[in-house]
Amino acid sequence: MAFIKLNDLEVEVEDGTNVVEAARLHGIEVPHYCYHPGLSRPANCRMCLVEPHVFFPPAGAIVPDRQLATGCTTVLRTAPPNRKLDGKYDFIVYTDSPRVKKAREDILEFLLVHHPLDCPVCDQAGECDLQDFTYRHGHDKSRYLEVKNVPPKKDLGPDVLLYSTRCIVCTRCIRFCQEVSGSNELGLIHRGSHDEIDIPRSHDGMPLQLLDNKLAGNVVDICPVGALISKDFLFKSRPWFMKQEKSVCAGCSVGCNITVEYKEDGVYRLKPRFHEEINQHWMCDDGRLGYGYVNSDDRLQLPMKRVDGEFQPTHWADALTQITEKLSEADAEKVVVIGSAQGTNEDNYVLQQFAHEVLKTEHLGLFGALPGEEHTFPQFTIEADKNPNTAGARKMLSNGTPVLEGEALWKKVSEADIVYLVSGAPERSLEAEEKAVLESVDFLIVQDVLPSEVTALADVVLPGTTFAEKDGTFTNSKGWVQRIRKTVDAPGEARIDWEIIQQLARQLGGEMNYHFAGEISLAISENVSGYAEATHQNIGDSGVKLAE
Amino acid sequence: MSEELIQIQNTFRFTEENQREFDALIGHYPVKEAAMLPTLHLAQKQAGYVSPAVMTYVAALLEVPLMKVKDVVTFYPMFFEEPVGEYVIRVCHTLPCALRDCKGVLAHLKAKLGTDVASETDLGKGTTPDGKFTLMKVECLASCDVAPVIMVNDDLYKNLTPEKVDEILDNL
Amino acid sequence: MVEEKRILYEHLDVPEIHTFDVFRQHDGYACFEKAVADYQPDDIAKMVMDSGLKGRGGAGFSTGLKWSFVPKDIKPCYLCCNADESEPGTFSNRYVLEKNPHLLIEGILICCYAMGIETTYVYIRGEFTLGKKRLDAAIKAAYANGYLGKNIRGTGLNVDIYTHPGAGAYICGEETGLIESLEGKRGQPRNKPPFPAVEGVFRKPTVVQNVETLCNLPFIVGNGVEWYTKMGPTYGDARFDPPKPDPNTGTKLYCISGDVNKPGVYELELGLTCAELIEVAGGLRGEQVKAVIPGGSSAPILTHYELDTRLDFTSLTLAKSMLGSGGIIVMNETRNIVDCLLNIMKFYAHESCGQCTPCRWGTPWVRDIVQRIADGNGRKSTITRPKFGIAENGRWGDTGETEDIYEDLDLLESVANNIANVDTMTWNTICVFGIAVSWPAVSYMRKFRPEFEATIREGKLTTLSVEEATVPPEENYAYQQRIVPRELE
């Protein structure tokens with residue numbers, strides 16, 4: 001640990017921390033643009049200038065360095081005993097001296113020289129570093145009288161637009177494409193004040209390569225100003241009108257930490273949230289843009305039952321009564337209950353309890369989205385398993401008995417009379433054999449969020465909820481148990497999955513009395529091996545890693 | 001809304017002689033990327049200008065992303081992204097030449113060639129319609145003692161006056 | 001009249017000296033052979049340190065000291081020869097490359113021997129086509145005669161020299177910009193530290209030296225340190241007690257251009273005055289010296305009151321200017337300083353690499369302000385303010401008079417100082433390009449303020465007489481502050 005003097009504070013920081021991070025840890029803001037903790041540090045914005053002391057002062061003297069230094073590249077380390085400043089400090093640095101404040105004002109003035117005043121129509125307004133830092137550290141008026149540069153607006157790729165006029169050339173996006181995605185589509189063109197970010201183009205502006213990789217959306221997040229804009233979010237909402245909730249991406253088994261931004265009428269966007277060991281600062285575009293089904297108009301909103309081969313909307317009491325009648329008459333050996341790798345641990349635990357304690361069946365299966373392709377980048381991996389909770393669901397369902405998957409599952413289903421399938425995988429398609437097997441089932445209950453080939457075969461369809469509409473936990477492929485949180489309300493009469501199961505259990509005479517997901521997690525922590533620590537309180541925002 | 005990618009026509013290849021020169025060149029550096037500037041010079045010498053086809057070829061040759069080549073080509077003013085005239089006339093207009101009336105030389109050249117001065121993003125502006133000359137201003141050519149100077153392709157002409165300019169152009 | 005002292009340029013005018021045979025006939029490579037035969041590598045490094053040789057590229061940093069920073073245990077180590085001569089007013093390297101390239105090769109060999117370097121890159125300006133051709137031919141001849149390649153002349157020394165053409169970017173003359181450019185990227189300077197001596201080209205220790213610096217090495221080795229240190233003044237650094245020796249030894253290739261009768265390169269001992277140099281260069285073309293730029297266009301300007309300033313590293317630094325690359329540009333009474341500044345600012349605005357914020361957007365802004373003033377659209381306020389200067393008590397302060405406010409001149413000074421502050425010598429930029437912009441901008445404006453004010457008042461470029469245009473020494477705070485260094489006995 002290095003003992004440093006930071007303004008008038010005496011603080012200890014880890015060796016190797018830079019001044020920007022050290023200050024942030026102690027509640028001091030050092031404004032910066034080009035510096036991003038996940039990328040290399042070119043120190044080109046010059047915004048984070050701080051006033052350090054000379055590294056090797058004459059013996060006994062304490063002298064401020066003549067030059068200001070960039071906080072992002074000034075790394076704090078323990079000094080050897082004979083190099084301590086004032087006998088005790090490893091380093092002395094000021095982030096609020098008059099020189100530093102003057103330098104910040106000057107740099108901000110330069111940054112705003114060519115920046116347009118189009119905040120009223122800029123998507124970034126409200127979450128813009130340039131706005132914030134100008135408000136806190138800048139001048140209130142411009143002395144610039146000359147003509148502004150007006151480089152053209154550019155289309156970079158399927159999801160990203162570049163408003164070049166707003167760009168401050170911090171090069172975060174370029175470094176992202178070099179270091180994290182390794183795809184190198186972005187670069188600078190021209191020189192000096194005509195610098196522009198661009199993709200490779202011919203001289204007349206025709207693109208030779210597009211910003212088209214599965215991590216491209218991250219450049220929009222890391223852009224400190226409104227230069228890089230997501231086409232998906234363009235002109236949709238002001239950031240301050242949206243509410244935010246910490247959650248986990250349901251797109252694949254990586255389990256990227258995200259922030260869900262939503263309003264009453266739906267989810268507006270997903271943004272990655274820092275987690276050191278899972279996704280760092282990033283998420284993939286499949287996850288980022290994959291929330292569309294949550295807001296879909298096609299969502300199942302009412303329970304439906306099949307009458308003369310046609311679906312008819314019905315009400316919950318009718319649907320549940322019909323199911324309980326069938327189930328109470330059934331032979332337990334001929335009932336198969338299938339949980340979902342898309343569902344939360346809580347959903348699957350309640351389902352398992354329902355199967356064992358109420359239905360007394362041993363036939364529990366696991367179902368989920370079809371596997372996709374694995375994509376590997378220098379600093380990021382998109383996994384092939386497109387379910388967020390395969391590991392967790394398997395563990396929850398297998399309490400005592402092995403879980404049926406793949407061949408074994410379909411074999412068991414083909415022998416069953418009644419199948420209760422909790423799917424939750426949006427738009428899951430079926431193979432011909434799978435379809436044939438499901439068709440042969442006498443009474444198929446499907447609980448899902450969207451109409452799909454699976455729901456088309458059902459006798460009763462129950463509308464469930466997506467990851468954005470319920471609380472719970474997911475366990476990712478590396479054994480991290482993480483929280484998802486309710487954001488928007490479920491559409492129509494759709495209900496939270498475990499509540500539906502609990503209702504069925506009660507109607508069949510079972511004793512189940514959970515009031516909220518946290519209660520189920522307590523039951524999980526008591527009854528499922530390895531999950532003792534995984535209560536909602538412990539998990540918090542950053543998750544709990546299960547013991548190997 | 002996404003734009004279509006353009007297909008690169010007429011693929012570029014080094015001539016055998018240039019290929020030999022390139023092979024010698026690449027051995028000078030521990031990393032291939034370092035050969036970027038000499039390779040681009042070589043390619044430009046052969047093709048006349050750095051077209052998308054040249055950029056793609058050089059990128060493949062040096063095993064670097066295409067954008068890095070574009071990056072470098074746009075940074076350095078000696079690389080042209082569009083066709084230039086047979087003779088590229090570079091007129092120095094920095095202070096020592098300005099003190100020796102380079103403006104007169106430039107004005108004379110403009111009048112004589114009947115063309116404007118090329119800008120870095122629009123070389124066509126400074127190219128004569130017959131494609132023979134491209135007139136451009138450059139910064140100091142490090143020959144301030146013999147100012148004003150111009151460079152015509154690789155040759156430097158010193159102590160210029162409008163009469164001397166006429167002579168040079170006539171002899172080309 | 002100061003005599004020329006031709007050492008580096010001694011054989012420059014010998015016909016065909018660029019060929020190996022002629023160069024050998026004039027004792028070529030003898031100094032290298034002496035170095036290898038008589039000295040250990042560490043001896044050479046010590047000789048260079050003792051000779052007080054300062055880098056001739058611009059910064060004037062001690063060459064021996066720079067070499068001492070190179071870690072001995074990290075190999076390979078590279079030598080980059082900076083032949084990207086682009087500072088306006090400088091053209092001495094061009095002559096070396098075109099006329100006497102073998103001298104450079106000899107210097108490189110000595111440096112490589114001293115530092116244990118096996119690979120050298122000569123980063124040569126893209127526009128130097130003849131220079132590159134001659135150097136390439138000389139390298140080829142040196143290989144053919146066994147002065148380059150493996151086991152040179154049976155000494156076991158291996159040295160390869162490669163030329164690397166630039167492509168017209170001024171910033172590649174900055175040592176880390178040069179390294180980036182050599183690596184095949186945009187020539188954007190790196191953050192320092194680490195300095196190139198520790199982590200340079202290909203992330204290995206690198207010595208970056210100017211052509212002229214390397215050309216000095218054969219003579220230091222050949223004639224000895226004592227001979228070398230006799231040339232040029234050695235000052236005493238008065239901040240130390242007893243004064244620390246501050247050598248300005250050797251000769252300098254002074255490039256003089258502009259309004260003199262015989263512009264060209266003159267090799268002279270360091271330490272002659274500005275007036276003497278103009279004399280050497282055939283005298284002034286015109287009636288009266290209006291201004292002199294002493295070290296390439298980025299150096300602060302000298303007025304006709306300052307012609308007694310000695311042209312060496314220390315004297316010019318203490319006179320708040322710099323020797324830089326030794327490119328002296330003389331302007332006579334017909335020149336308009338606003339117009340000259342505009343020309344220089346256009347150069348810098350064009351050549352800014354655009355990497356860091358203050359320079360990228362500050363430099364064109366400064367150019368635009370100067371352009372506006374030159375166009376006659378400079379702003380002058382209708383109100384006045386108290387005038388500061390030498391007050392009644394003989395000290396700097398409020399004089400009790402009032403002065404006009406020229407808003408654009410204040411803006412020019414403020415913006416330039418925000419890129420790099422010339423008073424405190426601190427810069428907010430990554431490299432020293434920032435100070436190279438604000439130095440001329442601020443110094444021209446401060447020293448020739450009446451001409452700027454007249455231009456704004458008249459609404460068009462107005463050239464005043466020399467006396468009228470120049471701020472007199474008694475009103476020039478910087479002039480009052482200047483220090484004339486004293487030579488050590």
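1. Helices and strands in this note are DSSP runs, a helix having at least four residues and a strand at least two, and both are numbered from the N terminus. On that basis, chain B contains 7 helices and 4 strands. Their order from the N terminus is α-α-α-α-β-α-α-β-β-β-α. The model under discussion is predicted.

2. The predictor assigns the complex an ipTM of 0.94 and a pTM of 0.94. For chain C, the mean pLDDT is 92, and 100% of the residues reach 70 or more.

3. Chain B may be described further as a whole. Its C-alpha atoms occupy a box of roughly 50 × 45 × 30 Å along the principal axes. The chain has 172 residues, of which 47% count as buried. Among the contacts in chain B with a separation of 6 or more, 54% come from residues 24 or more positions apart. The domain assignment divides chain B into domain 1 (16-75) and domain 2 (87-171). The C-alpha centres of domain 1 of chain B and domain 2 of chain B are separated by 28 Å.

4. The contact between chain B and chain C draws on 32 residues of chain B and 44 residues of chain C. On the chain B side, the elements that supply two or more residues are α2 (36-47), α4 (66-75) and α5 (95-99). By residue class, the side of chain B that touches chain C holds 23 nonpolar, 4 polar and 5 charged residues.

5. Chain C also meets chain A, with 23 residues of chain C in contact with 25 residues of chain A. Two or more residues of the chain C side are given by each of α12 (337-351), α13 (357-374) and α14 (407-419) of chain C. Of these, α13(C) provides the largest share, 8 residues. The side of chain C that touches chain A comprises 9 nonpolar, 11 polar and 3 charged residues.

6. Within chain C, the assignment gives domain 1 (20-231), domain 2 (250-332) and domain 3 (337-481). The C-alpha centres of domain 1 of chain C and domain 2 of chain C are 26 Å apart. Contacts between them involve 16 residues of domain 1 of chain C and 19 residues of domain 2 of chain C. On the domain 1 side, α5 (92-99) and α9 (211-230) of chain C each contribute at least two residues. The most comes from α9(C), with 3 residues. This side of domain 1 of chain C, where domain 2 of chain C is touched, divides into 6 nonpolar, 7 polar and 3 charged residues.

7. Chain A is assigned domain 1 (2-105), domain 2 (117-128 + 142-241) and domain 3 (304-545). The centres of domain 1 of chain A and domain 2 of chain A, taken over C-alpha atoms, lie 31 Å apart. Between these two, 9 residues of domain 1 of chain A are in contact with 10 residues of domain 2 of chain A. The side of domain 1 of chain A that touches domain 2 of chain A has 5 nonpolar, 4 polar and no charged residues.

8. Helix α7 of chain A covers residues 316-329, 14 residues in total, and spans 20 Å from its first C-alpha to its last, close to the 20 Å expected at 1.5 Å a residue. Its buried residues include Ala319(A), Leu320(A), Ile323(A) and Leu327(A). These residues lie on the same side of α7(A), because they cover an arc of only 90 degrees around the axis. The face of α7(A) turned away from the buried side bears the exposed residues Ala317(A), Glu325(A), Ser328(A) and Glu329(A).

9. Helix α13 of chain A, residues 517-527, may be read in a similar manner. Which of its residues are buried? They are Ala517(A), Ile520(A), Ser521(A) and Ile524(A). Their directions span an arc of only 100 degrees around the axis, and they therefore fall on the same side of α13(A). The cover over the buried residues of α13(A) includes α8 (345-359), β23 (472-475), α12 (497-507) and α14 (536-539) of chain A.

Definitions and conventions:
Residues numbered from 1 in each chain as written. Chains lettered and ligands numbered in written order. Predicted model: local features only at pLDDT ≥ 70, side-chain atom pairs only at ≥ 80, totals over all residues. Expected span 1.5 Å × (residues − 1). Buried ≥ 20, exposed ≤ 12 C-beta atoms within 10 Å, placed from the backbone. Arc of directions from axis to C-beta. Contact = placed C-beta atoms within 7 Å. Domains from an automatic or database assignment. Nonpolar A, V, L, I, M, F, W, Y, C, P; charged D, E, K, R; others polar. pLDDT = per-residue confidence, 0-100.
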